[in-house]
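This report concerns salt bridges and nonpolar packing in one protein model. Please examine the sequence and the structure before reading on.

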Amino acid sequence: MVLALRESEPAAAGDPAGRAQEPVRPVPGHLSPSSAVLFEQCPRRWRFRYLDRLPDPPGQAALVGTFVHRILERLLGEEPAARTLDRARAIAAEEWPAHHQQDDVVALGLDGDGIRRYKWQVWQAVHGLWQLEDPAAVDVVATEQRLDVPLGAVPFLGVLDRVESTTEGVVVSDYKSGRAPAAAYVADKLDQVLLYAAAWSAGGGAQPKRARLLYLGARSIEVEVTPGRMDEAVGRLHQRWDALNSCVRDERFDPRTGPLCAWCPFAAQCPEGSREIRRRLDAGLVPAHAPAVSAVA
Ligand code: SF4
């Protein structure tokens, strides 16, 4: 049955006086693994970044990671025999001038020593690939693959670093230039590659047999991909998506204070986080050089 509005009825539903309702903030169009992780960390911080869009410039670690990804993307685009350390070094040299001039890199204000340290970090990560595998032996199917597909009711968006073909089937991999996680956090980290595997399949690709986190220079953390594991990861993503939508609907983003507040770029706008940082400072639990300390001192 279709109910038509009479001409005299106000268009703004739910308000007897016909006043326009407060506009509700739009729900984000996508959910990426990094956005989901940030929401889990602290809903308030997620709001500052993804809804209020306050400036959140990437730090040096993130910029190094981006540069490493670019070098490895190009390297794996070469013919297998050309994927050598010398070629990686040449690609890094070719890419450096443009990377170095990016606003976020300039904003780091690196001096000569700082630039040398930055380049050293990049090279440690690139070189670290050879500690995990022989890049010449990788049968590349795709690199830097944008995945924009619904996973159940969640509009998933992510960039998958690498898809390769192996004798056992398709393998999806995500490069990591940071430190490998402690055992307690491994399952959480593997969720990300399981979601990539699910999104790759949902987008029409063959279901991966394995998903890997390649912690460059350290170790590879892997999981066999099964429909059950992918479903569980998608289920957890659903829970976060539902929770996130509730927060947006209710305009309620509770702070989740903890050690990470001292590294939060929005600490100065967050009274609870500021208090937490001062408490930890007094207790000697936060290094004085943590980035948010000066913002709340
Ligand atoms: S300071 Fe802490 S509680 Fe506040 S937004 Fe940042 S992480 Fe969340």
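E276 and R279 both belong to helix α9, three residues apart, about one turn of the helix; helices here are DSSP runs of H or I with at least four residues, numbered from the N terminus. An α-helix has 3.6 residues a turn, so residues three or four places apart point the same way. The side chains of E276 and R279 form a salt bridge (3.2 Å, N to O), a term for a side-chain nitrogen of Lys or Arg within 4 Å of a carboxyl oxygen of Asp or Glu.

E276 is buried at 11% relative accessibility, whereas R279 is partly exposed at 44%. Buried means under 20% relative accessible area, exposed over 50%, and partly exposed in between (1.4 Å probe, protein chains only).

## Basis of the model

The model is predicted: local features need pLDDT of at least 70, side-chain atom pairs count only at pLDDT 80 or more, and totals for chains, interfaces and linings use all residues. Residues are numbered from 1 along each chain as its sequence is written, and side-chain values use heavy atoms, leaving out hydrogens and water.

## The nonpolar core

The largest nonpolar core has 41 residues; such a core is a set of buried Ala, Val, Leu, Ile, Met, Phe, Trp, Tyr and Cys residues joined through side-chain atoms within 4.5 Å. Helix α7 (residues 186-202) gives the most to this core, with 10 residues.

Terms used: Helices (H or I, at least four residues) and strands (E, at least two) are DSSP runs, numbered from the N terminus.
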